Amino acid sequence: MRLFRRDILSAQPAKLYGAWMAEFRTPFFRSYLVNDPALVRLVLQDRPQDFPKSDRIGAGLRPLLGESVFLTNGEVWKRQRRIIDPAFAGGRLRDTFAGIMAAGQAGVDRMSLEDAPQEIEAIASHIAADVIFRTLFSIPIEDKTATQVFDAFQRYQRSQPILNLAAFVPGPKWMPRFFRKDTRRTAQTIRRLITELTQQRLDLIAKGQAPDDIATKILTTRDPVTGASFSLKEMVDQVAIFFLAGHETSASALAWALYLLARYPDWQDRVAAEAQGFDGHFASLSRLPVTRDVFRETLRLYPPVPMMVRETTKSEVFRKRCVRPGAQVVISAWHMHRHTRLWADPDQFDPARWQTSAGKKSAQDAYLPFSAGERVCIGAGFAMIEGTVLLAQLLRAFRFEPCESFVPVPVAHLTVRSYSGILLRISSRVS
Ligand code: HEM
């Protein structure tokens with residue numbers, strides 16, 4: 001219990017990386033961690049309506065996210081996805097590409113080259129937040145409101161873990177939930193700023209002067225079933241999750257990818273060589289296969305969203321064990337991605353595995369960085385393009401080297417971060 005309180009990742013016993021299922025018991029409550037691919041498929045893909053998101057988990061994020069698509073269930077969730085999904089559909093991704101490229105280039109231009117090691121998570125967060133502002137609202141991070149939102153999010157992510165003790169051993173439903181005062185205040189600040197941005201955009205849409213970006217697309221899409229579009233409040237809830245899910249996760253993945261490349265210079269050289277040939281056009285993305293595999297492998301070893309939690313609504317039988325309604329089901333990408341019976345050499349960083357049939361088979365059964373089924377990450381396609389492009393841009397310009405004595409320890413904050421940041425030496429590749 002003490003370990004769980006401190007950090008949910010380091011509290012995991014080694015045998016969970018080889019187990020198909022584990023049961024956690026408390027006086028109030030049962031929780032099941034499932035690693036069996038058949039069970040994971042059942043929960044996420046075959047009968048997702050019987051395993052909704054648990055209210056207990058959402059409680060921690062509600063002051064910030066309100067009724068956002070990340071937290072809702074049932075008909076409300078379905079309606080929200082009908083309005084949001086078209087903005088992230090395949091064809092629209094091409095339109096976001098310029099924003100991603102511009103944010104990557106700004107990150108390259110901003111980089112200061114020093115002899116001293118630099119904290120890479122902060123650099124990655126700055127670039128990823130810039131991507132979201134540019135693609136969602138067509139504004140760069142230097143915009144005054146954007147900077148204020150970004151600063152407030154940084155404070156928020158430090159004070160509110162997405163996964164906490166509650167994921168495994170929540171108290172009874174009647175137990176009051178306490179938020180630290182500053183967490184609530186920060187959430188209110190973020191929502192006020194996002195409301196301003198959204199209202200400004202609604203005004204531009206009304207005048208016919210709005211840029212054609214993700215915000216405009218969502219605000220002008222009508223639900224094909226009811227004909228209604230989002231209200232201001234509903235849109236603020238959605239924008240909050242786009243910022244949160246969009247920049248926290250991508251920043252985490254980018255920082256770990258740079259760390260892994262620093263530790264594996266052969267792979268770094270291959271990515272850098274590939275990046276030299278990249279002409280910056282959307283159509284040339286397919287010419288970055290090594291970079292893409294490096295990003296995939298990073299998401300395997302350091303899935304930004306390490307665990308997902310669902311709730312049973314009726315009696316179930318899991319691996320011959322009776323599971324009562326109201327039990328918590330934890331699906332852990334963290335464990336599945338490093339599972340000794342699902343991956344060959346699971347702890348090894350090996351991007352080449354993505355081109356082998358064994359690697360592809362393992363991925364089918366046990367690769368869930370974006371979840372699966374109807375609640376799959378809305379931004380999955382976007383994030384794969386973003387990660388690949390940003391890596392190529394950074395590796396084309398810079399060399400990243402590890403600091404001998406520094407070993408990052410992963411912990412679950414809002415996403416998987418390193419306990420004391422990630423220190424790397426950065427030098428120019430351009431002589
Ligand atoms: C590397 C980057 C990313 C990773 C690893 C990631 C991962 C995930 C995962 C695992 C979930 C499912 C969570 C659950 O079911 O409990 C999810 C949901 C979601 N993600 Fe992402 N995400 C990433 C980037 C993005 C981006 C760029 C956006 C949008 C701009 C986004 C928006 C969302 C939304 C709105 C949901 C909720 C979907 C629903 O419940 O219907 N994500 N993401």
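Biologist: Which residue forms a salt bridge with arginine 41?

Modeller: Bear in mind that this model is predicted. A salt bridge pairs a side-chain nitrogen of Lys or Arg with a carboxyl oxygen of Asp or Glu, within 4 Å. Here arginine 41 pairs with aspartate 365, and their closest N and O atoms are 3.2 Å apart. Arginine 41 sits in helix α2 and aspartate 365 in helix α16, so the bridge ties together parts 324 residues apart in sequence.

Biologist: Which residues of helix α2 are buried?

Modeller: Pro37, Leu39, Val40, Leu42, Val43 and Leu44 are. Look at the start of α2 too: a side-chain oxygen of aspartate 36 comes within 2.9 Å of the backbone nitrogen of alanine 38.

Biologist: Which residue does arginine 82 bridge to?

Modeller: Aspartate 223, with the closest N and O atoms 2.7 Å apart. Arginine 82 is in helix α5, while aspartate 223 is in the loop between α11 and α12, 141 residues apart. Arginine 82 is partly exposed at 27%. Aspartate 223 is buried at 1%.

Biologist: Is glutamate 404 buried or exposed?

Modeller: Exposed, at 67% relative accessibility. Glutamate 404 meets arginine 425 in a salt bridge, 3.9 Å from N to O. Arginine 425 belongs to strand β11, and glutamate 404 to the loop between β8 and β9.

Biologist: How many salt bridges does the whole structure hold?

Modeller: The search finds 29.

How values were computed. Residues are numbered from 1 along each chain as its sequence is written. This is a predicted model: local features need pLDDT of at least 70, side-chain atom pairs count only at pLDDT 80 or more; totals for chains, interfaces and linings use all residues. Side-chain values use heavy atoms; hydrogens and water are left out. Buried means under 20% relative accessible area, exposed over 50%, partly exposed in between (1.4 Å probe, protein chains only). Helices (H or I, at least four residues) and strands (E, at least two) are DSSP runs, numbered from the N terminus. A polar contact is a pair of N or O atoms within 3.5 Å; within protein, one must be able to donate a hydrogen and the other to accept it, and residues adjacent in sequence count only if both atoms are side-chain atoms.
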